[in-house]
Each structure stands twice: as C-alpha cells, then as structure tokens.
Amino acid sequence: MGLIQLLFKDPTAFILLSILLLYSVIFHEMAHGWVAYKMGDPTARALGRLTLNPLKHLDPFGSLMLLIVGFGWAKPVPVNLGNIPSHERRKGLILVSAAGVTANLICAFIALLLFRLIAPPPSETLGVILLLL
C-alpha cells in the first residue's frame, strides 16, 4: 500500500510516517558517507552529502514511488574506494556497505523503544496473542 492511500484514511499517521521514512532514508545514506569518510574517503563530505538536509539526499522519482507504491529510494552517496588505504579497502567496502543497513536497524530499534515507552499498554487479550506468536 502506498502512502497516498494512508493520507486519505489517516492524515496524522501519513504525516508521522512520511517524516519517519524521510529521515530514515537520510540517515541510511548519510551513514554510508560517514563511514567512508572515517575510512579515508572525503568524497561524500566534499559533495555536501554528510548532512541531514533532505534536499541533498532525496531522489524525486524515488520519493514519488514511495508515495504511490510504498517503496522508494534516495540518491546514492558517492564513495571512492581508491581514497581508502589499499590495506583497508576490503574492510572499507564491507563497512561502508553495512553502514546503511545498520543505520536502518538503529532507527527501527529507537522507534520501537519510543513506541513501547509512549504507547498505552495493550489489552490482556492482545498480550496473550503476542506471547503465543
């Protein structure tokens, strides 16, 4: 389901989810660039991609697809492995690649933690069902 359908069903949820998805994509891409920078590649920093500014990261078509289909993407952060010292290139490639997924997992963990702290306690019946799963 695309986000457009959610806009008409629950506008508040649409806004909250849109902001969450927007910044999770930004954190994902920024993580790639930050790890590359820490490994010795200044490309992302030189191009201004180590920022939380959505305009530097969002792809217009990818954002539109997110609204319509529910799946989208951002502009990939450029990484030049040639700038990483040769004895660390393999490690750099692995760490830079894993950085985006790790950022997604951290965002998901924080979101679940906040949900757990803020949300009202579930009813007893729902709790039993969740325990059985």
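Trainee: Which residues does His57 touch, once residues up to four places away in sequence are not counted?

Mentor: Contact means heavy atoms within 4.5 Å. By that rule, His57 touches Ile26, Glu29, Met30, Arg49, Thr51, Ala74 and Lys75. This is a predicted model, in which local features need pLDDT of at least 70 and side-chain atom pairs count only at pLDDT 80 or more, while totals for chains, interfaces and linings use all residues. Residues are numbered from 1 along each chain as its sequence is written, and side-chain values use heavy atoms, with hydrogens and water left out.

Trainee: Where is His57 found, and is His57 buried or exposed?

Mentor: Helices and strands here are DSSP runs numbered from the N terminus (helices H or I, at least four residues; strands E, at least two). His57 sits in the loop between helix H3 (43-46) and helix H4 (60-68). Buried means under 20% relative accessible area, exposed over 50%, and partly exposed in between, with a 1.4 Å probe and protein chains only. His57 counts as buried because its relative accessibility is 0%.

Trainee: How many helices and strands does the protein have?

Mentor: Six helices and zero strands. Buried residues make up 22% of its 133 residues. Of the contacts with a separation of 6 or more, 62% join residues 24 or more positions apart.

Trainee: Which residues form the largest nonpolar core?

Mentor: A nonpolar core is a set of buried Ala, Val, Leu, Ile, Met, Phe, Trp, Tyr and Cys residues joined through side-chain atoms within 4.5 Å. The largest has eight residues: Ala31, Val35, Ala36, Met39, Ile84, Val96, Ala99 and Ala103. Helix H2 (11-39) and helix H5 (89-118) are the elements that give two or more residues to this core, and H2 supplies the largest share, four residues. Leaving aside neighbours within four places in sequence, Ala36 is in contact with Asp41, Val79 and Val96.

Trainee: What span does H2 reach from its first C-alpha to its last?

Mentor: The expected span of a helix is 1.5 Å times one less than its number of residues. H2 has 29 residues and reaches 42 Å, close to the expected 42 Å. Its buried residues include Phe14, Ser24, Ile26, His28 and Glu29, and the cover over the buried residues of H2 includes helix H1 (3-9), H3, H4 and H5. Gly40 follows H2, with a positive phi near 120°. H4 is followed by Gly70, whose phi is positive, near 95°.

Trainee: How many aromatic pairs does a search of the whole structure find?

Mentor: Two. Rings of Phe, Tyr and Trp (its six-membered ring) pair if their centres lie within 6.5 Å; planes under 30 degrees apart count as stacked, over 60 as edge-to-face and the rest as tilted. Tyr23 and Phe27 form a tilted pair, 6.5 Å centre to centre with 50° between the planes. Both lie in helix H2, four residues apart, about one turn of the helix. Tyr23 is partly exposed at 31% relative accessible area, and Phe27 is partly exposed at 33%.
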